Structures are given as structure tokens and as C-alpha cells.
Amino acid sequence: MKPTISHLYHLHARAEFFAHHNDIKLTYSIEQAVDQIFKNQKVEDIDYNLPRWDPEQNKKQSDKKKKEMRKTWRGHVRAINHLWLKQMMENDKGLVEKMTLFWHGHFACRTVDNPYLTLELNSILRKNALGSFRDLLYGVSKSAAMIGYLHLRQNKKDQPNEDFARELCELFTLGRDVDYTEKDVTEIARAFSGWTTDLKGNWLVRPRIHDEGEKTIFGKTGNYGGEDVLEMILENKNTAKHIAAKVYRFFVQELVNEDHLNELADVFYKSNYDITAMMKHLFKSEWFYQSKGKIIKSPIEFMVSMGKMFELKYPEQKTTEALQRYLGHVLFDPPNVAGWPGGRQWIDASRLALRLRLGSLIINKGYVMDELSPELDEMITSKQKKKDIKFFEEVDWNKFFDKNKDANIFDLLVRSDNPDLHSKYKVHEMKTVLHLVSTPDFQLT
């Protein structure tokens, strides 16, 4: 497939948040451009040094000391949040970061109270982000974070807890009401009884509380354990279809085309759940390039793409925390185990108004393009005053225009074909950019 420059902008915006015109190889075919993106990827954990923690010693501490420790831990998680956001912006190997963000929403797990679990789970997600879904599923299922979040420690042979079994089927693999019954969920919970971790977070099965009896799951009977269930779920092609559908909505468009979905799920299943095989097929498909402008950027994508475009540093942690809260997308703090709903749910009336203003606020020291409602102005002003938040920092405009000297500035920044805007904003000047980042079209990718 011979690409246009618009196709290449689209590919890099979806796969890596954003790429400057000069960083894109204009002579590449789509296949070469996609292969080059995957070739450049490198997995790097979030670089944050936590103090050594002794769980045995912690058990002996007073309640007051434990309360102080929890407060300190929440501060560490906020710092890790800030670091991850910066890593997404500064890492030129953005696909691993984008995929880690995707899996963060799929295996949604609230870890805001424990920085050790936060780093552990994030590391599992990024190490397997482009690898085997089987390894990823096993890693998450055995992580201390997920075992704690979905109450696997309370799942004992005489006191079954079905939380993990239900979400494993409904959210993580097969999908809602697909090829399993309430009885299957009950039996799957029995298979996972005894799954827990030691004080250091290492996964283990406690034989004393594991149900050794026969279970009937998906019509088969045997003395199954948790790993047997994971394999049975992976054998079911509906798992590939469920994951492919979520990938499609995240990377292609909210409205799923069944033919394209089945094509993607087929590649995923036949490759034995190779995530790279699925993603390469997606990025090399012609239909992927017909989805330009059909996804609303998530708040994190909005912030990161802005950061990459204008090489922002977001130096103030309080600023990134506030932006995530206002826009409804706080890393490590999903609303529930189903994750963030995404799509049109990202934008209600007040959030759209804030987003339209935010782009120019961030890159032009509070420069405002349009009049906003008094209520929103009041909200922004009061929050700024209360939290001492700054919505701006210096942009090196000469550098920005040097990196995009030969670009069509509209095509580079906006992922829609709005003919009015397209003809109006082609001039390389700061005013053009400020207008474009303040348009509803800029909210799309």
C-alpha cells in the first residue's frame, strides 16, 4: 500500500501518540513504516526507587505508624503517576507506552494505596504489552495487585469468593454472557480457591484452602486448578474476539465493523495470542486508514500528544494530577474493575469546554481563544487558586516549526477532514496552531 503523508501521520498518532513531520520516513511504504515502529520498541520499566519495605517489620508497627506509612505510600504512587506520564511523552518508542496504557485500562486494578503493587503490575503490563497474551493473562492473574483487588485471598474451599472468576470471564477474556453460565463461574471460583501471595507478594497456592474436588467447567469435568481454567479459556476463540474488539475500539474506532473484527480475531487466535502479530495486521490493514478522526482522545492521550507535539515537560506534578482529575482519567485509579468506559464518555459539556480551552492554555501561558461559560471560568480560577495550578509552560516555537517545516500544519495536528478548517489553516505560524488546538476537531484522533 502506497501511503500519503496523511496516512503516515495517522499511523504515528494512533500507534505512538504523535510524531513530528521530520521524524517520519516519507519514502516508506505502510508495511515498512509499521515494521520500523515495531523494530524500534524497547521495554523500559518506570524508573522509580522505592525504599526497602519489610512486611514482617510492618506488621509490628503501631496503628499511627501504619497510617503515616499509608499516607507516604499514596505520595509515592502520585510520583509514579507523574513519571509514567513523562515517560510516555519523552520515550520515542511510544508503542510500548501506548499498549501499556491500553492494558492498564483492560486489566483495570486500583493500586493508588500501594506503590510496590503499582510498579509490579505496571511492569507486568509493559513487559508483555507486545508479547504473548497468554503470558500477560498469567502474569496479571498471579500478581499481588490483582489477587488483592479481586479478593482472591478470600476465596477458600469452604468460603468461595467469585469476584475474580466473574471478572476473568466477563471482562478479561470471554466477554459478557459468552459461552459460560453462572454455574461455570461458581466452579471456576472453586478452581482458583487457595490462590494467594506471601508477604513479599510472590504467588502461591495454599493446599489447605484449595478445593480438590471435581469441578464441571464449560461442560468438562475434572479436578481443575486455576491454570487449567486459564488454558480452557484461551482455547475458546471468543477470548480472541473479545480482546480484538477492545483493541479495535481503542485503536480503530468506537463503532465496530464485524468483518474487520473477525479478521483481527482470526489473526490473533491463529498466532496463539501473539499481540504483535495482531497489532501489525491492524496497522497494515487498509481499513485502519479509513478511521481517521473517529476516536475521541482519552485525557491521557490528549495530554501526552500535546506534550510530544510541543516538547512539554509538565514540570509540576500537581498540574498533571489536577488535569487527570478534571478530565476524568487518573492513572492507577480506574473507576472500577471494568476500567474507563472511553469513547463519548470522555466528554460531557463541561469537559468539552475545558478541553477546547486547555490546548491554548497549556502552550501559550493562559492565552484563551474563545469565550467560555462563567461557570467554567469560575471552576478553573478557583481550582488554580486552591491548588496553585499552572496550565502553561514555555514552548520553543522555532524548534516546533523547524521540525515540521514541510508539513501541512492542519494535517499534522488535526485528525479530521473538516474542509473549512483545512483550507483556512495552512500557514505556519503560532496563531494557526493556537486556533487548531482549540477546535473540536483537535479532540479527535
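**Cavities in close-up**

**Figure 1. The structure has three cavities of 30 Å³ or more.** A cavity here is a set of points on a 1 Å grid, laid over the protein atoms alone, where a 1.4 Å probe fits but cannot get out. Points are joined across faces, edges and corners, and a volume is the space filled by probe spheres set on the points. Keep in mind that this is a predicted model, where local features need pLDDT of at least 70, side-chain atom pairs count only at pLDDT 80 or more, and totals for chains, interfaces and linings use all residues. Residues are numbered from 1 along each chain as its sequence is written, and side-chain values use heavy atoms, with hydrogens and water left out.

**Figure 2. The largest cavity has a volume of about 110 Å³.** Its lining (residues with an atom within 4 Å of a point) has 13 residues, and Ala13, Phe17, Lys297, Ser305 and Thr445 are the closest to the centre. Helix H15 (299-310) and helix H20 (409-413) are the elements that each give two or more residues; helices are DSSP runs of H or I, at least four residues, numbered from the N terminus. H15 gives the most, with three residues.

**Figure 3. Here's what lines the largest cavity, by class.** You'll find seven nonpolar, two polar and four charged residues. Ala, Val, Leu, Ile, Met, Phe, Trp, Tyr, Cys and Pro count as nonpolar, Asp, Glu, Lys and Arg as charged, and the others, Gly among them, as polar.

**Figure 4. The second largest cavity holds about 50 Å³ of space.** Around this cavity sit His104, Cys109, Thr111, Thr118, Leu121, Asn122, Leu125 and Phe332. Helix H6 (residues 115-127) provides the largest share of the lining, four residues. Sorted by class, this lining has four nonpolar, four polar and no charged residues.

Notes: 1 Å grid on protein atoms, 1.4 Å probe; cavity = no way out; pocket = protein on both sides within 12 Å on 5 of 7 lines; lining within 4 Å.
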